[in-house]
There are 2 protein chains.
Amino acid sequence: MKSISIIGTGDMARAIGALAVAGGNTVEIIGRDQSKSTELATALGGGARTGDFGTAPAGDIVIVAVRYADVVPVVAQYGNALAGKVIVDISNPFNSEADGLAIPDDTSIAQEVARAAPAGASVVKAFNTVFGHVLKEGRTLDVFFAGDDAQAKAHVSEFIASIGLRPLDVGGLNMAHWLEGTGLVLMGLARHGVGQWDITLGANGFDD
Amino acid sequence: MKSISIIGTGDMARAIGALAVAGGNTVEIIGRDQSKSTELATALGGGARTGDFGTAPAGDIVIVAVRYADVVPVVAQYGNALAGKVIVDISNPFNSEADGLAIPDDTSIAQEVARAAPAGASVVKAFNTVFGHVLKEGRTLDVFFAGDDAQAKAHVSEFIASIGLRPLDVGGLNMAHWLEGTGLVLMGLARHGVGQWDITLGANGFDD
């Protein structure tokens with residue numbers, strides 16, 4: 001069981017929050033709009049609580065589930081309130097056509113989060129290659145993640161497993177750029193190759 | 001049934017060639033070293049023939065199965081001999097650590113091939129997200145591909161289906177950059193998340 005804080009009250013916050021509660025984790029929901037976080041925490045049940053935006057989150061793992069352009073500003077605003085936390089970036093910085101990234105080629109939102117994060121915090125990229133609406137279905141999905149801190153990755157991996165998903169490490173935080181690109185491939189598949197949105201990406205063959 | 005030329009005599013040429021023959025396609029093997037192409041064509045059987053390097057290939061689909069750094073030079077050397085062909089780039093331009101790409105961020109080998117290709121040729125990126133040694137096993141795998149020419153993609157898709165694999169279009173040739181990055185994710189999974197090499201990437205959910 002993990003103690004999780006989720007910053008955000010949108011679809012991904014709701015999908016991950018519901019799985020986290022079902023998996024027996026302690027869940028805190030944090031929104032700028034207290035009425036939205038109260039609504040979501042109540043909807044999640046399972047003892048989910050709300051926290052005050054900008055103050056130290058209760059959870060050891062802090063999932064930043066806001067629009068990609070807001071992720072780094074939110075982490076910067078939190079500053080030392082995130083010291084010692086495992087910060088999970090789930091964002092997809094897609095351009096308006098969702099066929100390229102909206103950030104420079106030599107970085108990723110996760111790497112920028114690492115630059116903005118306080119000393120002692122660790123950053124893990126995860127969940128950006130799964131659609132929120134597919135997460136909600138409760139199927140067993142592969143969740144790719146990347147990061148430089150083995151301990152932080154172990155915590156995130158355990159959390160992912162606790163919610164019935166399969167955690168798959170793809171390497172260091174430099175791989176976050178390519179995970180963000182893999183998010184584009186998932187979009188492309190949904191639009192072209194498969195033509196529907198009820199899909200996931202996964203690794204096959206090793207335990208099928 | 002398609003008419004396929006494969007430039008190259010390495011592992012990927014062998015793996016794709018074997019599947020192409022088994023799928024009833026006409027196969028031509030082209031190498032700089034005639035003894036190697038003769039050996040491979042003989043090993044493939046099924047009427048596989050050899051062609052002369054640098055002259056117009058017999059196949060409608062020309063799969064360039066050489067080291068990534070040689071792909072664009074080979075296409076440039078062929079020049080007008082590739083007019084009217086569907087050129088398939090299968091390369092992975094990995095850096096020495098295979099955790100980043102060895103080419104500029106704003107392009108891909110496939111896009112560079114398109115610049116080097118003669119008028120009337122079309123370029124499709126395909127097969128770079130499957131390992132050659134997994135292809136050889138004969139399992140049903142997902143093959144992601146990208147390109148700007150719908151007709152060329154239809155031909156490649158039919159070829160992929162003819163060899164027992166599942167063709168999945170991810171969009172325009174600009175997506176080739178992200179397919180090359182997805183090749184890195186596959187490498188990362190094999191090294192970290194899965195810890196073995198007998199895996200594939202795939203899209204799940206739409207016909208399982």
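Mentor: Start at one residue pair, and keep in mind that this is a predicted model. The bridge partner of A:Gly202 is B:Gly202, which lies in β9(B).

Trainee: How many bridges join β9 of chain A to β9(B), and are the strands parallel or antiparallel?
Mentor: There are 5 bridges between them, and the strands run antiparallel. In chain A the strand β9 spans residues 200–204.

Trainee: OK, zooming out. How many residues of each chain are in contact?
Mentor: On chain B, 35 residues touch chain A, and 35 residues of chain A take part in turn. The area buried between the two chains is about 2,800 Å². Carbon and sulfur atoms give 63% of that area.

Trainee: Which elements of chain B give two or more residues to that side?
Mentor: Those are β8 (166–169), α7 (176–193) and β9 (200–204) of chain B. The largest share comes from α7(B), with 11 residues.

Trainee: And how does that side of chain B split by class?
Mentor: It has 15 nonpolar, 14 polar and 6 charged residues.

Trainee: How many salt bridges are there between chain B and chain A?
Mentor: The count is 0. For polar contacts across the interface, the rule finds 7 residue pairs, with both residues at pLDDT 80 or more.

Trainee: Let's pick a residue in helix α7 of chain B. B:Thr182, say: buried or exposed?
Mentor: B:Thr182 is in that helix, and it counts as buried because its relative accessibility is 0%, where the cut-off is under 20%.

Trainee: What is B:Thr182 in contact with, leaving aside its neighbours within four places in sequence?
Mentor: From chain A, A:Thr182 and A:Val185; from chain B, B:Thr129 and B:Leu201.

Trainee: Switching to chain A. Which residues of helix α4 are buried?
Mentor: In α4, residues 109–116, the buried ones are A:Ile109, A:Ala110, A:Gln111 and A:Val113. What covers them includes α3 (68–78), β5 (86–89), β6 (122–126) and α7 (176–193) of chain A.

Trainee: Back to charges. How many salt bridges does the structure hold over all chains?
Mentor: The total is 20. One of them joins the side chains of B:Glu158 and B:Lys2, at 2.5 Å from N to O.

Trainee: Which parts of chain B does that pair tie together?
Mentor: B:Glu158 lies in helix α6 (residues 150–162) and B:Lys2 in the segment before β1 (3–7), so the pair links parts that are 156 residues apart in sequence.

Trainee: And B:Lys2, buried or exposed?
Mentor: B:Lys2 counts as buried because its relative accessibility is 12%. B:Glu158 is partly exposed, with a relative accessible area of 45%.

Trainee: What does A:Arg139 pair with?
Mentor: A:Arg139 and A:Glu137 meet through their side chains in a salt bridge, 2.7 Å from N to O. A:Glu137 is partly exposed at 39% relative accessibility, and A:Arg139 is partly exposed at 26%.

Trainee: And in chain B, how far apart are the closest N and O atoms of B:Arg139 and B:Glu137?
Mentor: They are 2.7 Å apart, and the two residues form a salt bridge. B:Arg139 is partly exposed at 26% relative accessibility, as is B:Glu137 at 38%.

Trainee: Last one. Which residues are linked with A:Lys125 in a network of salt bridges?
Mentor: A:Asp89 and A:Glu180 are linked with A:Lys125 in that network.

Definitions and conventions:
Residues numbered from 1 in each chain as written. Chains lettered and ligands numbered in written order. Predicted model: local features only at pLDDT ≥ 70, side-chain atom pairs only at ≥ 80, totals over all residues. Heavy atoms only, no water. Contact = heavy atoms within 4.5 Å. Buried area = accessible area lost by both parts, 1.4 Å probe. Salt bridge = Lys/Arg side-chain N within 4 Å of Asp/Glu carboxyl O. Polar contact = N/O pair within 3.5 Å; in protein donor to acceptor, adjacent residues only side chain to side chain. Helix = DSSP H or I, 4+ residues; strand = E, 2+ residues; numbered from the N terminus. Nonpolar A, V, L, I, M, F, W, Y, C, P; charged D, E, K, R; others polar. Pairing = 2+ DSSP bridges. Buried < 20%, exposed > 50% of the residue type's maximum accessible area, 1.4 Å probe, protein only.
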